[in-house]
Amino acid sequence: MSSETISQELRGAPVAKAITEELAVQVEELRAEGIIPRLVIVRIGQKSDDLTYERAAYMRAEKVGFEVETIELPEDATQKQVNTTFDQVSADASVHGCLPMRPFPAGIDEHEALQHLTPEKDVDCATDSMLLATLCGTPGALGPCTAEAVLALLDFYQVPLEGASIAVVGRSNVIGRPVAALLSARNATVTVCHSKTKDLAATLKQADVVVVAAGRAHLIGADYVRAGQTIIDVGINWDEAAQKLVGDVDTEQVAPLVSAYTPVPGGVGSVTTAILARHVVAAAQRMLA
């Protein structure tokens with residue numbers, strides 16, 4: 001890339017705004033039918049990350065026009081308390097979507113607890129059933145909000161996916177595997193990389209698009225990218241030395257070299273609550289089917 005070329009910063013705010021405006025119209029239509037979409041957030045304790053996301057979810061709900069409430073359980077909640085909470089949410093006909101704030105504290109079997117949440121109300125792909133549906137490409141499946149936010153952002157900025165070579169760094173069930181499945185369903189050729197991948201830099205340089213969801217601050221630097229690429233940074237890490245949030249990509253090194261990149265903060269994370277809202281509305285719309 002020449003020194004005169006300026007890489008494009010793919011900010012999430014315009015993407016979220018477009019989704020929010022579309023959803024607001026749909027919610028008005030639902031209200032006209034007597035249906036008010038309702039989300040319940042289940043939070044155990046008061047982790048700062050959970051509280052930050054929860055506030056963002058409330059703000060998005062206000063803009064879209066649906067209801068949201070939080071069920072807060074104590075940090076020392078028992079397995080039975082957590083299981084019972086999901087049983088109650090599942091049985092409540094006024095609730096269309098449930099967002100469990102994960103990961104749960106140590107001592108709570110997350111898998112067991114989520115067996116008590118009906119998949120129809122799972123709006124963040126927390127249950128086995130919804131994850132399987134996402135990986136299988138089942139119509140109507142609601143994938144993880146962050147994974148779907150990646151595709152929403154790529155679509156908004158018209159990044160070609162069909163036939164593209166895409167590398168995904170990370171293989172978690174929360175982002176890595178689902179986003180790889182979603183991209184594959186769009187006819188991209190996807191390579192999933194991880195800590196055991198040999199010569200990660202060489203693999204990433206071959207890709208047209210790189211999605212990084214490794215959970216390691218500044219893992220990807222200048223040696224891992226090339227000109228012409230689009231880099232999507234899903235990582236959110238706290239840099240103690242700099243006292244700020246940073247991504248898995250070293251933006252200062254990478255941004256001048258590639259065609260486009262997402263900032264952290266202000267990139268994928270900005271779109272996630274908009275996708276959450278989309279899922280809540282979709283769950284409510286099923287009542288009209």
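Author: Leu 39 stands opposite Val 68 in strand 3. Keep in mind that this is a predicted model.

Reader: How do you know that strand 2 and strand 3 pair?

Author: Pairing takes at least two bridges. Strand 2 (residues 38–44) and strand 3 are joined by seven, and the two run parallel. So they count as a pair.

Reader: What makes up the open sheet, and in what order?

Author: Three strands, in the order 3-2-4, with parallel pairing. Strand 3 (67–73) and strand 4 (97–100) are called edge strands because each pairs on one side only. On average, neighbouring strands here are turned by 20° against each other, direction ignored.

Reader: What makes you say helix 2 packs on the sheet?

Author: Contact means heavy atoms within 4.5 Å, and helix 2 (residues 48–64) touches strand 2, strand 3 and strand 4.

Reader: Which element gives the largest share of the lining of the largest pocket?

Author: Helix 2 again, with nine residues. The lining has 40 residues in total, and Asp 49, Tyr 53, Thr 146, Ile 236 and Thr 272 lie nearest the pocket's centre. The space inside comes to about 1400 Å³.

Key: Residues numbered from 1 in each chain as written. Predicted model: local features only at pLDDT ≥ 70, side-chain atom pairs only at ≥ 80, totals over all residues. Heavy atoms only, no water. Helix = DSSP H or I, 4+ residues; strand = E, 2+ residues; numbered from the N terminus. Axes fitted to C-alpha atoms, helices over the stretch in contact; angles between N-to-C directions. 1 Å grid on protein atoms, 1.4 Å probe; cavity = no way out; pocket = protein on both sides within 12 Å on 5 of 7 lines; lining within 4 Å. Points joined across faces, edges and corners; volume = space filled by probe spheres on them.
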